[in-house]
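Work through the exercises below with the sequence and the model side by side. Try each task on your own before you read its solution.

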Amino acid sequence: MIEAIYPINWAGDYELIDSGSGMKLEKFGGQILARPEPQAIWNARLSKAEWEGMQTGNFAQEGSHKGQWNLKGQSKPWFINYKLGGDSIKMKLNFTQFKHVGIFPEQAANWDYIYTKSKELEGKASVLNLFAYTGGASLAAKSAGVDVVHVDSIKQVVSWANENQEYSKLKNIRWVVEDALKFVSREVKREKKYQGIILDPPAYGIGAKGERWKLEEKLGELLQQVAKLLSHDGFMVLNVYSLGLSPYIIQNMMTDYFSDRVVTITELCLKSRTQQILPLGIVARI
Ligand SMILES: C[S@@+](CC[C@H](N)C(=O)[O-])C[C@H]1O[C@@H](n2cnc3c(N)ncnc32)[C@H](O)[C@@H]1O
């Protein structure tokens, strides 16, 4: 039986309120937003009127405003905080294209793990974060005192991650704007070793120089390279979000390249105020 994991330390800064009919209603700090969620094919628990009454904005997935944010207030950035042990990180949120606001809140369950494992390394270590987006996982590792290399192919999101480093009063994360597979292959040639590796590849992506990333085609090659980079006692977090991908596929692939390590496979979920479970990915951890 594949277990489910949830973020448990979002103290009021984030909450999944309800979900259904292909949408989810979430509280991000001072905003309550309705956004498309393809996994939520069940009925919402709260009524349409309750959703409309609560929300401060929504990302329309149909009608004349399709693909746009419709906000009751101004469209301006806002901030949320996340506590990690005795530390905390601060991240900027903003209304972007494609319904994203700058974090994947379910990832907080991985931030907790990354922070704990990095603390155990007592600062004498390097952690590599691939497909690192706005840096939640990088900040979790950095606030635990280790060296961090943050790799993403989009310059704007790496700049956003750098801003989040400043808001979190942290420094010295190494920023790399490059295709993840290309970066990893070069590090292997340099015989580099990392004591922690985090990867959260999308289903599809484009590298910094147009390299095509398709999960099903490239994940095996990436895991093979990552296995050469990970120190013999290093930790690893692989997060995969691809509709309909079975956890057993990830289990088999992890066995292909990490058969000498103990691997746990779980489903990454969010639990709503209305007691629903929203599955949002598969996590393999070493
Ligand atoms: C799902 S997001 C990762 C979210 C991140 N783990 C987090 O929780 O903040 C995927 C990221 O991969 C990046 N990306 C897509 N293709 C890439 C590639 N070929 N090499 C490096 N990064 C890539 C995208 O720019 C995006 O920031």
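Predicted model: local features only at pLDDT ≥ 70, side-chain atom pairs only at ≥ 80, totals over all residues.

Residues are numbered from 1 along each chain as its sequence is written, and side-chain values use heavy atoms, with hydrogens and water left out.

**Exercise 1. The area between them**

Describe the contact between domain 1 and domain 2, and state how much area they bury.

Step 1: Counting contact as heavy atoms within 4.5 Å, 27 residues of domain 1 touch 24 residues of domain 2.
Step 2: The size of an interface is often given as the accessible area lost when the parts come together.
Step 3: Buried area is the accessible area (1.4 Å probe) that two parts lose on being put together, summed over both, and here it amounts to about 2,200 Å², with 61% on carbon and sulfur atoms.
Step 4: On the side of domain 1, the residues that lose the most area to domain 2 are Trp-10, Leu-16 and Gln-39, which together account for 28% of what that side buries.

**Exercise 2. A charged pair**

Identify the residues that form the salt bridge between the domains.

Step 1: A salt bridge requires a side-chain nitrogen of Lys or Arg within 4 Å of a carboxyl oxygen of Asp or Glu, and the count between domain 1 and domain 2 is one.
Step 2: Glu-15 forms a salt bridge with Arg-273, and their closest N and O atoms are 2.8 Å apart.

**Exercise 3. Loop residues**

Decide whether Ser-21 and Glu-191 are buried or exposed.

Step 1: Buried means under 20% relative accessible area and exposed over 50%, with partly exposed in between (1.4 Å probe, protein chains only).
Step 2: Ser-21, in the loop between β2 and β3, counts as exposed because its relative accessibility is 56%.
Step 3: Glu-191, in the loop between α5 (180-189) and β12 (194-199), is exposed because its relative accessible area is 68%.
Step 4: Helices (H or I, at least four residues) and strands (E, at least two) are DSSP runs, numbered from the N terminus.
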